[in-house]
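Subject: Structure for you to look through

Dear colleague,

Here is the structure I promised to pass on, together with some notes to read beside it. Please open it first and keep it in view while you go through what follows.

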Amino acid sequence: MEQKAFSTLSRPSVIQEMEQEQFDVLIIGGGITGAGIALDAATRGLKVALIEKNDFASGTSSRSTKLIHGGLKYLQNFDFPVVKETGSEREIVFNNARHLVHPIWMNFPLIKKESYNLATLKAGLTLYDRLAGVRKDERHTIYGKRKTMKNEPLFNKKIVQGSGVYVEYRTDDSRLTLEVAKTAQERGAKLLNYVRMTDFIQNPDNQVKGIVAKDELSGRTLKITANYIVNAAGPWVDFVRKKDRPIKGKYMVLAKGIHIVFDRNKLPVQSSTYFQHKGRLIAVIPRGDTTYVGSTESIYTEDIEDIHVNKSEVTYLLDCLKDMFPAVNLNISDVISSWAGVRPLIGEEGKSSAELSRHDEIFESDTGLITIAGGKLTGYRKMAERIMQYIEKKNKEKKTASITESVHLTGGKFSSSEEIEQLIQKLYGSYRQLGFSKQEISDYVERYGSNTEVFLKEVADYDKKDFDKKSRNIRAEVKYTVENEMAATLTDFYDRRTSYVLFKPNKVLETLNAAAEEMAELLNWDKNTMDEQKRKTLYTHHKAVTFLDK
Ligand SMILES: Cc1cc2nc3c(=O)[nH]c(=O)nc-3n(C[C@H](O)[C@H](O)[C@H](O)COP(=O)(O)OP(=O)(O)OC[C@H]3O[C@@H](n4cnc5c(N)ncnc54)[C@H](O)[C@@H]3O)c2cc1C
């Protein structure tokens, strides 16, 4: 069967199909968890639908530290099975999406009065290498104080006693989510952003067999039916559960974390760093010409739809940086952007708040609504497998393993890192006459992977029109993301498709008019809609570059 592109222009027909078909599995939530389940279920040959009330990855899945963790963090809590699983998972995600997953050297300094000493760090990293199945060339090295200071001259020599250097994998969380969703669509799943589940439909036996949903773009109501409904709404899982039954047993507690971004030359660390500050782990991660830092952690009880970064949280991170890198003089005005996200921790009636779980868990209500909560970006494939095996068990079928281990994501059709370099070289050869530097081509390949040429062909088309280079590139990119990545709003484009809001906030202001005009043309917006879209994007930009006085 021919598959339509993952395009906002196909939206009316996908809505129609969703209403007409009877699905095997319907997923509520288009973060990494929901997208992962859609891909797993589709590769098993099932009929799958997924709805997302906002944009794909607009929840926590665009607001993480953006690491495919090897699980070192979990070693601290003696969580050996998690270290083992995340270690092998990061290798799989790397193989399937090489353009989005980059091994980075992580410098872990030993700091006076913190929990690690040379012996425990060495033992920990050795165990980690073994449990996580770390490749030979990526195994850790331990350094004494002198070599540590040579490796990172910015460290505070009064508190640093040595270091361990090991490998973590950096990713782009929103693009990873989007590519998993798009790959699920390639495998036959039907996915829609901007469709909100508002109610459940129960059969005469009080089992949930469908949902009522609202198309947030047209205001229309639709009904979608399925044998199994999976609630993968991340921090919203309890809101969704409440539409089904009052919450009993397990419940969510939301923990908030923020990140701040600097120009790379303001925080010019030699490599990524994970340092302990009064017990808390803070990551400092270079990305392109920026360095980002995070995170904080605090219980969150405010509006989940509009999470802001507070000044006190920024000041806390600046203080941590000052203690670790005293020669780097950073002020709040040096922060060029920021983001905040919440993760659900799982509490249970009768247990104390100190016993909140960070693991993923599956629970089912007596109406048959299956909820999956907790977990992390890194474990999305295994979480999806667990959900599908849970459904197999309910169907009294034999448990079968997922095949997504060998499914390359849509932009990840590479079998080695050399192939990525070859693609960059080839595209640079073919498109340099459009005025691109090799670095620009490389940045696009990091974003669109093996699909980059589809975008560059758009640029070549737009080059025949009368636009300056900046407008030409942004218009072509808007067109590519609308027609191939289901960008439906300007904020989808600037936030989740390109991350310009987070890492190139000035570019948002410089290109907003051209991008808005292009999207208006593609999606038939009138002037009011276009102005409203610009206003919403400016609000998102404002939120990233300013902080609440709290
Ligand atoms: C500060 C921080 C840092 C982190 N860093 C890392 C890291 O470096 N590595 C890592 O592996 N993990 C990390 N995590 C964890 C990871 O980000 C999350 O586990 C993961 O993104 C959760 O994905 P999700 O799909 O479950 O939730 P979400 O991404 O929040 O997706 C849920 C979706 O459901 C949608 N939804 C809600 N209600 C409805 C409805 N009624 N109808 C339709 N859709 C609905 C929402 O709009 C949302 O998009 C971090 C988390 C935080 C908070």
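I begin with a pair of helices, helix α12 (residues 438-448) and helix α13 (residues 452-463), whose axes come within 9 Å of each other and cross at roughly 130 degrees. Helices here are DSSP runs of H or I with at least four residues, strands are runs of E with at least two, and both are numbered from the N terminus. The axes are lines fitted to C-alpha atoms, for helices over the stretch in contact, and the angles run from 0 to 180 degrees between N-to-C directions. The two helices, α12 and α13, are therefore oblique to each other, given that angles under 35 degrees count as roughly parallel, over 145 as roughly antiparallel, 65 to 115 as roughly perpendicular and the rest as oblique. On the α12 side the contact is made by Ile 441, Tyr 444, Val 445 and Tyr 448, and on the α13 side by Thr 452, Phe 455 and Leu 456, where contact means heavy atoms within 4.5 Å. Sorted by type, the residues of this contact are six nonpolar, one polar and no charged; Ala, Val, Leu, Ile, Met, Phe, Trp, Tyr, Cys and Pro count as nonpolar, Asp, Glu, Lys and Arg as charged, and the others, Gly among them, as polar.

Before you read on, please note that this is a predicted model, in which local features need pLDDT of at least 70 and side-chain atom pairs count only at pLDDT 80 or more, while totals for chains, interfaces and linings use all residues. Residues are numbered from 1 along each chain as its sequence is written, and side-chain values use heavy atoms, with hydrogens and water left out.

UniProt lists residues 402-529, in an unreviewed entry, as "domain: Alpha-glycerophosphate oxidase C-terminal"; its positions are given in the numbering used here, feature names are shortened, and annotations may be inferred rather than shown by experiment. Over residues 402-529 the chain is 70% helix and 0% strand, with the end C-alpha atoms 43 Å apart.

Thr 481 has its place in helix α14 (residues 469-485) and is buried, with a relative accessible area of 0%; buried means under 20% relative accessible area, exposed over 50%, and partly exposed in between (1.4 Å probe, protein chains only). Leaving aside neighbours within four places in sequence, Thr 481 is in contact with Tyr 448, Met 486, Ala 487, Phe 493 and Arg 497. Met 486 is found in the loop between α14 and α15, has a positive phi of about 55 degrees although it is not a glycine, and is buried at a relative accessible area of 5%.

Which residue's side chain makes a polar contact with that of Asp 492? The partner is Arg 496, at 2.8 Å, a polar contact being a pair of N or O atoms within 3.5 Å; within protein, one must be able to donate a hydrogen and the other to accept it, and residues adjacent in sequence count only if both atoms are side-chain atoms. Asp 492 sits in helix α15 (residues 490-497) and is buried, with a relative accessible area of 0%. The C-alpha atoms of Asp 492 and Phe 56 are separated by 8.5 Å, although these residues are 436 residues apart along the chain.

Leu 191, in strand β7 (residues 190-192), is likewise buried, at 3% relative accessibility. Apart from neighbours within four places in sequence, the contacts of Leu 191 include Phe 6, Phe 56 and Met 486.

Several loops are also worth a look. Thr 400 lies in the loop between α10 (380-394) and α11 (417-431), is partly exposed at a relative accessible area of 36%, and makes a side-chain polar contact of 2.9 Å with the side chain of Arg 44. Asp 334, in the loop between α9 (311-324) and β16 (335-348), counts as buried at 12% relative accessibility, and its side chain makes a polar contact with that of Lys 266 (3.5 Å). Lys 278, in the loop between β12 (272-277) and β13 (280-287), counts as exposed at 74% relative accessibility and has a positive phi of about 50 degrees although it is not a glycine. Finally, the peptide bond from Gly 294 to Ser 295 is cis, with omega near 5 degrees.
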